[in-house]
Amino acid sequence: MYLTDKTYIKSDMKISDIIRENPSIILVLEHFGIEDTLHEKSVSQLCKQAGIGELLFIVICNLYNGFAFNEPDKLSNSDIPVIISYLNNSHLYYKNEKYPEIIAYIRQLNAYGHSREIKLAEVFFNEYFEEVIEHLDYEDKIAFPYFYQLFEDNRIKSNDGYSASSYLKHHSDVESKLTDFKNLLLKHLHINNQGPVKRKLLYSLFELEFDLKIHSMIEEQVLIPLVISIENRNL
Amino acid sequence: MQSGVFNIGIIEPSDLLYEGLTNILLKYKSRLRLYRIDELDDYSRSIPHIDFDLIILNTSLIQNRIKIFRNLKREKPDIRWIGIMHSLINAETLTEFDDIIRIDENGETICKKIFRFSDTNKTPPSSTQQKSLSERETDVLKLLSGGLSNKEIADTLNISIHTVISHRKNISQKTGIKSQSGLTIYAISNNIIFLDKI
């Protein structure tokens with residue numbers, strides 16, 4: 001099944017063609033830690049050189065292109081550390097790149113006008129991002145190490161008590177505050193004569209939102225089903 | 001789901017018919033998402049991910065599988081089913097659909113049949129026409145921005161907590177903002193409350 005206006009990515013396609021159609025795939029390469037020059041490489045050649053499972057790469061790229069994934073049993077255990085490193089890299093991207101970028105734009109807006117609303121908006125965004133950080137830290141410190149251990153030992157420790165289902169419980173959705181923030185900027189706040197800064201801020205928020213959305217899809221549709229299948233095998 | 005987006009699934013094995021149909025639909029209406037589904041069985045696998053509003057299905061695919069088709073329809077009764085008819089088919093099969101499009105019909109007729117379901121079911125006219133908050137909603141918003149809980153708002157305004165919740169729902173629908181702190185900022189920028197009051 002596929003969404004009509006996007007291509008379903010396959011292993012013999014050229015990476016550069018895929019990026020031309022959907023530039024977000026550049027970010028995917030970055031999250032995978034792939035920095036090679038692309039030349040005329042196909043998906044399968046690139047994956048082989050980078051030591052990444054081809055199916056995993058295709059699945060994640062296709063999530064960015066709008067295709068859901070529902071065959072987790074086709075992935076292998078060795079994909080788990082790759083997925084974790086992918087997710088870790090995207091955490092760094094949110095914390096070290098996106099967040100400072102967005103805050104800088106908000107402050108720029110602040111510097112020009114003297115709007116109280118923008119100051120409140122900054123407080124609001126900080127509140128939101130604190131929630132995000134809390135979730136990312138939980139993943140980095142508790143969930144991912146557990147998943148990694150599971151991969152290393154290929155079994156669950158008997159009295160561990162932690163499992164993928166406790167992770168899913170924690171996997172609360174913080175998206176709605178980001179949507180609020182975007183709507184405030186887009187529809188309600190009075191920001192005059194700040195066209196370019198406001199646009200850059202909005203673009204940056206859309207980028208953050210899009211990547212966060214795919215991020216949770218990778219966790220929910222790829223990582224968790226894979227982990228659960230290992231857990232079940234050990235019961 | 002994004003508001004106002006109409007999700008259509010298309011189960012049509014012929015590339016020619018599929019491409020032609022999507023072309024007609026996309027030209028006629030914006031805010032459409034079209035998904036191609038390879039076969040009827042593939043549809044049930046995709047259900048959890050997408051909220052389909054309507055599915056267009058080649059009638060010949062269910063000719064001998066009426067029972068399976070009826071079960072599918074029962075699983076999600078809100079979905080409308082449109083049949084594509086391009087060959088002789090028995091009349092009983094046709095009654096299973098909400099409407100039938102024929103390949104010799106022109107684009108406009110086809111679109112009218114399909115999108116009559118989008119106009120009646122989605123976004124009731126009240127919420128699209130009237131975007132400003134009602135007096136009562138403004139009252140609720142003022143108290144909400146002051147940090148009051150639903151229960152406290154209900155007590156202050158002498159209304160039931162359900163009424164408060166329903167006002168909050170309408171406020172969020174009209175403003176596009178759900179969180180209390182987001183709504184506070186909205187209230188300030190629209191001069192509904194003033195900074196020294198909070």
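Residues 120-129 of chain B keep a pLDDT under 50, pLDDT being the predictor's confidence in each residue, from 0 to 100. For this stretch the model has six contacts beyond four places in sequence, where a contact means that two C-beta atoms, placed from the backbone, lie within 7 Å. The model is predicted: local features need pLDDT of at least 70 and side-chain atom pairs count only at pLDDT 80 or more, while totals for chains, interfaces and linings use all residues. Residues are numbered from 1 along each chain as its sequence is written, and chains are lettered from A and ligands numbered from 1 in the order in which they are written.

**Confidence**

- Chain B has an average pLDDT of 84, and 86% of its residues score at least 70.
- The scores of the model are ipTM 0.77 and pTM 0.72.

**Chain A overall**

- Nine helices and one strand make up the secondary structure of chain A; helices (H or I, at least four residues) and strands (E, at least two) are DSSP runs, numbered from the N terminus.
- The order along the sequence of chain A is β-α-α-α-α-α-α-α-α-α.
- Along the principal axes, the C-alpha atoms of chain A fill a box of roughly 60 × 50 × 30 Å.
- Of the 235 residues in chain A, 27% are buried; buried means 20 or more other C-beta atoms within 10 Å of the residue's own, exposed 12 or fewer, and partly exposed in between, with C-beta atoms placed from the backbone.
- Among contacts in chain A with a separation of 6 or more, 76% are between residues 24 or more positions apart.

**Helices α8 and α9 of chain A**

- The axes of α8(A) (residues 175-188) and α9(A) (residues 195-233) come within 11 Å and cross at roughly 160 degrees; axes are lines fitted to C-alpha atoms, for helices over the stretch in contact, and angles run from 0 to 180 degrees between N-to-C directions.
- Because of that angle, α8(A) is roughly antiparallel to α9(A), a label for angles over 145 degrees.
- The crossing of α8(A) and α9(A) is left-handed, meaning that the near helix is turned anticlockwise from the far one by less than a right angle.
- On the α8(A) side the contact involves A:Glu175, A:Leu178, A:Phe181, A:Lys182, A:Leu185 and A:Leu186, and on the α9(A) side A:Lys198, A:Leu201, A:Leu202, A:Leu205, A:Glu209 and A:Leu212.
- By class, this contact of α8(A) with α9(A) has eight nonpolar, no polar and four charged residues; Ala, Val, Leu, Ile, Met, Phe, Trp, Tyr, Cys and Pro count as nonpolar, Asp, Glu, Lys and Arg as charged, and the others, Gly among them, as polar.

**Two residues of chain A**

- A:Glu209, in helix α9 of chain A, counts as partly exposed because it has 14 C-beta neighbours inside 10 Å.
- A:Glu209 and A:Lys182 are 27 residues apart along the chain, and their C-alpha atoms are separated by 9.7 Å.
- A:Pro145 lies in helix α6 (residues 116-153) of chain A and is partly exposed, because 13 other C-beta atoms are within 10 Å.
- From A:Pro145 to A:Ile84 the C-alpha distance is 9.1 Å, across 61 residues in sequence.

**Chain B and the interface**

- Chain B contains ten helices and five strands, and 24% of its 198 residues count as buried.
- Of the contacts in chain B between residues at least 6 apart in sequence, 68% join residues at least 24 apart.
- The contact between the chains takes 23 residues from chain B and 22 residues from chain A.
- On chain B, β2 (32-36), α2 (40-46) and α10 (180-189) each supply at least two residues of the side that touches chain A.
- The most comes from α10(B), with six residues.
- The side of chain B that touches chain A divides into eight nonpolar, nine polar and six charged residues.

Definitions and conventions. Angles under 35 degrees count as roughly parallel, over 145 as roughly antiparallel, 65 to 115 as roughly perpendicular and the rest as oblique.
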